[in-house]
Amino acid sequence: MSANNREILVRLDHVTRAYGQGERRFIAVKDINLEIYTGEFVALLGPSGCGKSTLLRMITGLIAPTEGTVYYRGRPVTGVNPYATMVFQSFALYPWLTVRDNVALALEARGEPPVVRRERAEKLIDLVGMDGFESAYPRELSGGMRQKVGFARALAVEPELLCLDEPFSALDVLSAEALRGELLELWTGGQLPIRAVLMVSHNIEEAISMADRIVVMGTQPGHIVAEFSIDLPHPRQRKDLAFEALVDRIYGAIAGHTEPEAKEVGTAPGAPGPTRILPASSVPALAGMLEHINQGKGRHDLYKLDDELGIEMDALLQTVEMAEMLGFAQVESGDIQITPLGQTFAEASILTRKEIFASRVRRLPMIQWLMNMLKAVPEHTLPWKVFHAALSLEFPPDLAERQLDIAIGWGRYAELIDYDDRGETLSLDPSQGRVAEPVR
Ligand code: ADP
Ligand code: MG
């Protein structure tokens, strides 16, 4: 599907979900903003407990958010979402029904006559590669086959959005691989009415081999860490250099993340809470410092660094803060420790560095605020003065100016925003306009 007739299918708007009450109240996911477009296969990736299943349950309407709203095609989801179905790790088939009847059962709720149900069920069974097993009972099938029947049953209701919660993790390696291939073929072949797939996974390679976009989550509480678009052609080869490079980068994003986002990056200008000041440093300074630390043991005495790098302590601390804010390093009792993400960045090519940097910087409230302002106007261009005036409400004018300079510098490097020196205008980088704005 081409990028310019994409619509937003699902939108999570500041979604928080807590479980339990009183002292046992526990925030599973916090302040999640996420959009899923038609034509997209999105994978949610993250460590156990980061709230992947919770997000899926809210999108399918099995549970409601505690705060915020889930929208489906622009309407708030209240109660079970009729346009979405979910496939779980192990599908509960009815042991006393044949394969055909297990699938046909899903059609009963739609009030189709028995003959139609039977025909449709047989077509789907064929589609998932279970032709010839229509009259078999679940006990006669292997785990992989049962999961295929599960898929057929999920597809029977012709969902627009197919949600998969670790659908392959209960299968042996070979069955999982075969079923992945079959699902991809169904999806890319366009034989299904499905408009989008959202798959939870904790397997980086699985996500890269299947998805168009990977959303990486972190824990405590569950939040989004970074996003990666995957535009490798199908079928994807795991031994491919580009594939392997992606594995490294995504691994870095998962391992490199430590702090909850709000704590790490602060809030946006104009929002409640303090706007976090961006440290006065630049990408070259950041790269220089990370490369230096990475050449050693990955851990370094902070107090030695200024001399070694030949810079003032003040400047160094700003760069250290930048590294911390972006998840590239952590400081503890006078030592600076590079994170796996920082290490990936230090060792990456210029292009990959830009991408890693962009995926981190895009999540900073100050940058989001800049981009959202630009997205909201025609031509995606605004005078520099507009931003300066807005920031001057929170900061003294000279600090506002310096903050804006820093934000522009970072945004330009990440190819998120452009600055035109002569017109003194800011605009959305052309690459951003296309991706971020669905054309209706
Ligand atoms: P994931 O699918 O990423 O492993 P979940 O969404 O299942 O994560 O869970 C996120 C967090 O919420 C976990 O810490 C889990 O223990 C907790 N949790 C999930 N469901 C419930 C529930 N029904 N009651 C209490 N806590 C829950
Ligand atoms: Mg789960």
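Student: Quick one to start: are R213 and E40 buried or exposed?
Tutor: Both R213 and E40 are buried. The word buried stands for under 20% relative accessible area, exposed for over 50%, and partly exposed for what lies in between, using a 1.4 Å probe and protein chains only.

Student: What kind of model and numbering is this?
Tutor: This is a predicted model, where local features need pLDDT of at least 70 and side-chain atom pairs count only at pLDDT 80 or more, while totals for chains, interfaces and linings use all residues; side-chain values use heavy atoms, leaving out hydrogens and water. Residues are numbered from 1 along each chain as its sequence is written, with chains lettered from A and ligands numbered from 1 in the order in which they are written.

Student: Back to that pair. What do the side chains of R213 and E40 form?
Tutor: A salt bridge, with N to O at 2.6 Å. R213 sits in strand β9 (residues 213–218) and E40 in the loop between β2 (26–37) and β3 (41–45), 173 residues apart, which makes this a link between distant parts of the chain. The salt bridge rule is a side-chain nitrogen of Lys or Arg within 4 Å of a carboxyl oxygen of Asp or Glu. Helices (H or I, at least four residues) and strands (E, at least two) are DSSP runs, numbered from the N terminus.

Student: How many salt bridges does a search of the whole structure find?
Tutor: The count is 19.

Student: And which residue does R73 bridge to?
Tutor: R73 pairs with E160, and their closest N and O atoms are 2.8 Å apart. This pair also links distant parts of the chain, with R73 in the loop between β4 (67–72) and β5, and E160 in the loop between α4 and β7 (161–165), 87 residues away. R73 is partly exposed at 31% relative accessible area, whereas E160 is buried at 17%.

Student: Where do R402 and D398 lie?
Tutor: They are in helix α16, four residues apart, or about one turn of the helix. R402 and D398 form a salt bridge too, with the closest N and O atoms 3.4 Å apart. R402 counts as partly exposed because its relative accessibility is 47%, and D398 is partly exposed with 47% as well.

Student: Which residues are linked in a network of salt bridges?
Tutor: E177, R180, E205, E206 and R238.

Student: Switching to helices: at what angle do α14 and α16 pack?
Tutor: About 80°, with the axes of α14 (residues 365–375) and α16 (residues 397–413) 10 Å apart. That makes α14 roughly perpendicular to α16. Axes are lines fitted to C-alpha atoms, for helices over the stretch in contact, and angles run from 0 to 180 degrees between N-to-C directions. Roughly perpendicular covers 65 to 115 degrees, under 35 counts as roughly parallel, over 145 as roughly antiparallel, and the rest as oblique.

Student: Which residues meet there?
Tutor: From α14, M366, I367 and L370 meet Q403, L404, A407 and G411 of α16.

Student: Why is α2 largely enclosed by the rest of the structure?
Tutor: Because seven of the ten residues of α2 (residues 99–108) are buried. Those are V99, R100, N102, V103, A104, A106 and L107. The buried residues of α2 pack against α3 (114–127) and α4 (143–156).

Student: What does L305 touch?
Tutor: Leaving aside residues up to four places away in sequence, L305 touches M289, H292, I293, H300, L316 and I336. Contact means heavy atoms within 4.5 Å. L305 lies in helix α10 (residues 302–309) and is buried, at 0% relative accessible area.

Student: Last one: which residues form a nonpolar patch on the surface?
Tutor: L62, V80 and F88, with about 300 Å² of accessible area together. V80 is in the loop between β5 (75–76) and β6 (84–87), and with a relative accessible area of 61% V80 is exposed. Patch members have over 30% relative accessible area and no salt bridge, joined within 9 Å for like charges and within 5 Å for nonpolar side chains (Val, Leu, Ile, Met, Phe, Trp, Tyr). Accessible areas come from the Shrake-Rupley method with a 1.4 Å probe, and for residues only the protein chains shown count as cover.
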